[in-house]
Amino acid sequence: MAIPFVYSLRSVRQRYASGAVAVLGIAGAVGVFVAMLALARGFSSTLTASASDANAIVLRAGATSEIYSSLSLEQVRIIQDAPGIARGKDGPLVSAEVVELATFSLKKRGTDANLQVRGVSARTLEVREHVRVARGRFFRPGLAELVVGSSVAKNYAGLDIGDTVKFGGGTWQVVGILDAGGSVFDSELWCDATVLNQVYKRPENLFESLTVRLRSPADLQKLRDTLTSDPRLTVTVERERDYYEKTSGTLTALLRTLGLLVAAVMGIGAVLAALNTMYSAVAARSREVATLRALGFGAASVVICFVFEALLIAASGGFLGCAAALPINGYTTEVMNWATVSHVAFAFRVTPGLIGAGIAFALVMGLLGGVPPALRAARRPVATALREL
Amino acid sequence: MVNANGAPNGKCLIRARNLDKSYQRGGEQLHVLQGLSLDVDRGGFLAFMGPSGSGKTTLLNLLGGLDVPTSGSISVAGDEITAMGRSQLTAWRARHVGFVFQMYNLIPVLTAYQNVELPLLLTSLGRSGRREHVETALELVGLPDRMNHYPRQLSGGQEQRVAIARAIVADPTLLLCDEPTGDLDRRSADEVMQLLGRLVDEHGKTILMVTHDPRAAERARTTLHLEKGTLVEAGRRAA
């Protein structure tokens with residue numbers, strides 16, 4: 001049988017001061033680890049929340065995002081008649097769209113930031129079912145009216161219902177606030193695509209993307225086969241979710257890598273603190289350990305005992321770090337989305353998976369900090385250690 | 001060769017032959033035990049005396065399987081412990097040896113009960129069986145009312161009696177005591193020695209004790225003197 005766990009528990013409690021240093025070190029590393037991953041997770045979730053499995057996006061072949069794509073009105077007409085696209089009572093559920101960047105002033109800092117202005121078709125709310133008008137009304141086709149995302153209305157000056165705003169050489173009136181469920185559309189301004197083209201003096205019959213509602217998610221392949229084999233079209237068809245995952249990928253990977261790097265550096269410090277704590281525990285208790293060995297407890301029992309203590313300290317640090325990171329869950333911040341060169345508001349997301357990863361990270365640090373001292377304790381000659389004061 | 005209880009009589013428990021133990025210290029070879037042979041009978045109470053550095057504790061450690069000789073052999077109750085590997089030796093100690101140390105060596109974060117229970121955790125006894133054994137051992141040493149006390153809440157004499165309870169609780173083949181009264185006042189030392197004497201007389205235990213204290217040695221049936229790693233003189237009293 002192993003050395004009783006109560007021995008480890010009480011030994012840790014008895015040496016709480018040196019244990020606290022290791023706990024705090026591990027808590028710091030875990031807190032940063034969870035916070036940085038929550039940042040990456042929040043950004044990624046915001047972009048992928050914009051997508052539906054039942055939607056597909058059509059871009060010019062080779063375009064990596066909307067801003068590098070163009071589709072003519074003629075092409076849009078060909079596409080919207082393709083099989084697999086859902087139809088409402090007024091025709092196919094498609095939204096031909098254009099995007100532009102415009103600069104607006106942040107309420108808090110007073111500095112300017114780019115926002116994406118999306119010209120959409122009047123049927124876009126049927127295509128994107130998760131977006132709804134929360135306040136006011138939707139824009140009227142043909143008029144210079146804007147509906148703005150909820151994050152935009154909250155964080156930017158002069159973009160509430162009734163406000164008039166100038167950009168792109170036109171004067172626009174804000175008539176509604178969108179609720180896009182925390183997706184990227186909450187960081188956009190929507191207007192009539194035709195009006196946006198006119199204001200920006202772009203060709204009226206040119207769009208950048210076409211978002212289509214599929215009859216069912218399984219119809220994607222049929223639509224793709226039809227469009228890519230049509231000699232009149234040179235387009236790519238992607239599921240909307242895949243598109244947004246791809247556009248969020250670079251920044252998400254960067255945030256995650258940065259987070260892991262910072263956490264790894266802090267983790268090395270925490271492991272050193274744990275090593276120091278455990279080595280001093282082993283040194284201070286070498287006669288106790290020798291006594292246990294003399295009584296007949298094996299080397300493996302001693303190793304388990306000290307590793308358990310290290311894991312106990314690490315788990316405490318892990319829980320503390322996760323608890324410290326929890327309050328940032330839901331905290332909204334903004335970041336530049338490199339794919340669109342516009343600001344996107346998103347909330348940190350501390351998920352159960354991240355908490356689990358944080359605890360696992362802590363336990364790994366505990367193992368690294370606990371195993372070498374535990375081995376030293378187990379290898380010490382019993383007769384020699386018994387003579388120590 | 002010294003027979004600790006007189007002539008060979010077939011009751012031999014420990015048979016040590018030609019024990020050598022040397023250490024390398026600095027560039028120097030230190031011979032702590034040199035060609036020591038010894039027989040100890042079952043039920044014996046043997047005291048080792050001698051000046052510091054004469055090899056008493058080293059001999060006790062070898063006989064208890066805490067250390068291994070440089071050469072020579074030791075068999076205890078028919079087990080050739082010098083032929084055992086480290087883990088075998090650990091298991092053998094758990095089964096056959098109870099230790100009593102000068103500084104008691106109780107685990108400070110465990111109560112008297114939990115300290116005494118430690119050797120039983122290495123047996124197949126269940127919780128209630130262990131409780132029974134621990135209570136019996138603590139009663140035997142006169143401390144049934146101190147079982148929930150921590151070592152810091154006990155006097156030195158009480159701590160040593162708890163240590164003796166821990167040493168006997170699993171009913172080992174022999175008890176090895178290294179200066180059991182070395183840290184005690186006279187009265188506590190007498191109580192401890194009285195207790196060890198009872199364990200031999202009433203419970204048939206075999207005890208090997210290292211001591212500097214002549215009064216403690218007087219309690220033993222046989223006293224062996226070591227000098228420079230060899231046995232030089234044997235004194236024997238009537239049981």
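A salt bridge is taken here as a side-chain nitrogen of Lys or Arg within 4 Å of a carboxyl oxygen of Asp or Glu. The structure is a predicted model, in which local features need pLDDT of at least 70 and side-chain atom pairs count only at pLDDT 80 or more, while totals for chains, interfaces and linings use all residues. Residues are numbered from 1 along each chain as its sequence is written, chains are lettered from A and ligands numbered from 1 in the order in which they are written, and side-chain values use heavy atoms, with hydrogens and water left out.

Over all chains, 34 salt bridges are found. In one of them, A:Arg132 pairs with A:Asp179, with 3.3 Å between the closest N and O atoms. This pair links distant parts of the chain, 47 residues apart: A:Arg132 lies in strand β7 (residues 132-136) of chain A and A:Asp179 in strand β10 (residues 170-179) of chain A. Helices (H or I, at least four residues) and strands (E, at least two) are DSSP runs, numbered from the N terminus.

Between chain A and chain B, the count of salt bridges is zero. Six residue pairs, both members at pLDDT 80 or more, are in polar contact across this interface (a pair of N or O atoms within 3.5 Å; within protein, one must be able to donate a hydrogen and the other to accept it, and residues adjacent in sequence count only if both atoms are side-chain atoms). On the side of chain A that touches chain B, two or more residues each come from α1 (5-14), α9 (286-295) and α12 (382-386) of chain A. The most come from α9(A), with seven residues. In contact (heavy atoms within 4.5 Å) are 21 residues of chain A and 24 residues of chain B.

Within chain A, helix α8 (residues 240-284) packs against helix α11 (residues 352-379) at an angle of about 35°, with the axes 8 Å apart. Axes are lines fitted to C-alpha atoms, for helices over the stretch in contact, and angles run from 0 to 180 degrees between N-to-C directions. Among the residues making the contact are A:Ala263, A:Gly267 and A:Ala270 of α8(A), and A:Phe361, A:Met365 and A:Leu368 of α11(A).
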